[in-house]
Amino acid sequence: MNRPEAIKTEDRPLSLYAKREPVFNRRIDGRFRRIKWAIMVICLAIYWGTPWIRWDRGPYSPDQAVLIDLAHRRFYMFSIEIWPQEFYFVAGLLIMAGIGLFLVTSAVGRAWCGYACPQTVWTDLFQHVDRFFDGDRNARFRLYKAPWGPAKIARRLAKWTVYLAISFATGGAWIFYFADAPTLQHAFWTGTAAPVAYGTTFVLTMTTFVLGGFMREQVCIYMCPWPRIQTAMLDEKSLIVTYKDWRGEPRGSVKKAEKNPGQFGDCIDCNQCVAVCPTGIDIREGPQIGCITCGLCIDACDRVMDETGRPRGLIDYATLEDAEREKAGQPPTRHLKLIWRPRTILYFGVWSAIGLGLLFLLGIRVHTDLTVAKDRSPPYILMSDGSVRNAYTLRLRNMEGRPRRMEIAIQGLPGAAMWTEDMARDQARRSLIRTVPADETQGVRVYVVAPAGSAAQEFAFTLQAVGEPREADRSEVQFDSPEGER
Amino acid sequence: MANKRVDEATNTETVGHEWDGIEELNTPLPRWWLWTFYATIVFAIGYVIAYPALPGIHKATAGLLGWSSRGQLDNELASAAADRARTVAALRDMPIEELPRHPELMHAAVAGGAAAFKVNCVQCHGAGAAGSNGFPNLNDDDWLWGGDLKTIEATLTNGVRQPGDAATRMSQMPVFGPSAGGDGLLAPNQIQDVTSFVLSLSGKEKASAASRRGMAVFEANCAVCHGPGGTGGRQFGAPNLSDAIWLYAGTRAAVGAQIANPRHGVMPAWGNRLDPVTIKMLAAYVHSLGGGEEFTAPAAPAQMGMKPEAEATAAR
């Protein structure tokens, strides 16, 4: 499997820094290439399309289906609206995304790296641009070796312009998730958008241009922590792209094999697997960090096997365990059976438990909330008639896209009444009705007065949306008095 | 260099050095990493030139951009002052009694007053304006000199018993006791009797023979300022003696001591220390603490569009 003879060990000046070996991957068609196309189209469509989906929420809320409204601290996702204090929903989604990656890794190996990772998707896109401008593998290699002249400069400039256009579209689309897309687009082109919109677009354009256009597989090999983590997560039962060396070795050309039947394996050493690899590795050296398991080498090898009349699957998705079994002449486990094993079931269980938990929380969520802060300095005020006054700041939260009437009431504290800053004391009552504007939190300063001689005690404020029995909240607070606790 | 070989375990070339059997694998860094490193150095040099960076004995180098954190603070303060300018001008031109009719302006005034209070007033009145022995509590509904906006503004401007201020609030309770330099207006037993009467006014003591004797003393000596029922007199700043609130404590000893040898608080006249707008804001804040008198409900939103002149006419 290893080819130590491939490394030349002659004397040469030692460099601490390695030059990047550019990758000119050959065009290939096949099963996995088509899956890759499909996933690429879906991912890009989701990325570019999502901000433009409209979702009617009434006159008081934005009508963008997915919107992260940082200025107003709201996160809209279709019918769900998340407030900052409900960030656990977002945290839950992120945890689900994390466990989802574990799940995918344990079931189908580095499928994320191979198909859905943005770095992979955009690198793939840029490699298609390369192919469009400079031709396939050999033509690109020739152009790379060619001296700089007007023709090469023109080609390079044209290609980089397209790189830049794609990068700009990528960086520019990001900002639409954070503001109303049509408005922002108009503002963007008329130069009236916020500076942060231009800054973000510039930064993301440049990162896409550099990472997708030039860094490519270097990101996976040197920068990204995920391949390293995945290396630790893969086990003998994980599907990885495997070169079946027991079948392929020793390699020999078709002619050689015909001359010496039985002496050579199935690998005809055509190097097609290396030629199509987007990260430029040789899968025949075994599992390695540079392999993103995109399966393009499988497509390439299958085609060669078909052409030479040998069975497919010399390079294939297989587990280390199955590799041993096949080596010993036993049939491999079916892939579906591989997916259903304790580890994947455990991940799936945790993943769906979190998902169901979030859905449950979403279902019982109330769109009304009350928080109360008591004035601590001074804790109480003795009034001239001997009664005792405490002051509280109530925050009434209306999480719906329409103004609502809400009733605040005192629960407990016998004889007490309250009034607010915009009322006189003689209007004091045990319950008040306020209209809270749509999608807002209203602060109300409330004075609660209890008769002379009232002891310090706990009582509660209740909040009830008028006409909506389920929409209620309650908050217990302390009432302080010179009489002390009784 | 001749000892280069390929390490079998890792399939990686060695660099060819060997120290006591220890060899090094040749795993070079990518060259772009080196360029990134150089770029950070260039950035650092640019940063040092553009921004304050190199420390000297007294100050650091200024930097070509002239930026400093203090300068940034000055800019932010200036822009905050510019933002406030309209509110401040509106407050300056508006008589304070019209403030409740402009809820937004009132709100701004209360917020500004809260800030000014923390700088100028908390030393005596306390952080929550709850006062202490001898310093009035500003949260309650008991006022010595009056608790509407205009009166509070006047008290703030001219102070209480401020020497040298002609318009200051001035009053002095006679020294009734026979102490040194005192007037000796009342005999000790009379002071005991009138103390009993005063405490009976607010129900702190039950009516007794002493309090009945004290009533006559009170009517002859005290009612002229504190009123016949002891309900106080605001033109003299004479406290209401029939309520639950006491400036110098409501114990028998404290009340007796105040009659025999009274103490008088002094509040500075703020008119020559603070600008009129700050005083208006302080008055609005104190009025908003829950005891403000002559309560006027804020104007309904529909009325907010009225012209100030029209509102002024309506107020008259």
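Predicted model: local features only at pLDDT ≥ 70, side-chain atom pairs only at ≥ 80, totals over all residues.
Residues are numbered from 1 along each chain as its sequence is written, and chains are lettered from A in the order in which they are written. Local features need pLDDT of at least 70, and side-chain atom pairs count only at pLDDT 80 or more, while totals for chains, interfaces and linings use all residues.

Student: How are helix 4 and helix 6 of chain A oriented: roughly parallel or roughly antiparallel?
Tutor: Helices here are DSSP runs (H or I, at least four residues). The axes of helix 4 (residues 118-134) and helix 6 (residues 150-174) of chain A, lines fitted to C-alpha atoms over the stretch in contact, come within 10 Å and cross at roughly 150°. Angles over 145 degrees count as roughly antiparallel, so helix 4 of chain A is, relative to helix 6 of chain A, roughly antiparallel.

Student: How many charged residues has the contact of helix 4 with helix 6 of chain A?
Tutor: Residues are in contact if their C-beta atoms, placed from the backbone, lie within 7 Å. Among them are A:Asp130 of helix 4 and A:Arg155 of helix 6. Asp, Glu, Lys and Arg count as charged. Beside eight nonpolar and no polar residues, the contact has charged residues numbering four.

Notes: Axes fitted to C-alpha atoms, helices over the stretch in contact; angles between N-to-C directions. Helix = DSSP H or I, 4+ residues; strand = E, 2+ residues; numbered from the N terminus. Parallel < 35°, antiparallel > 145°, perpendicular 65-115°, else oblique. Contact = placed C-beta atoms within 7 Å.
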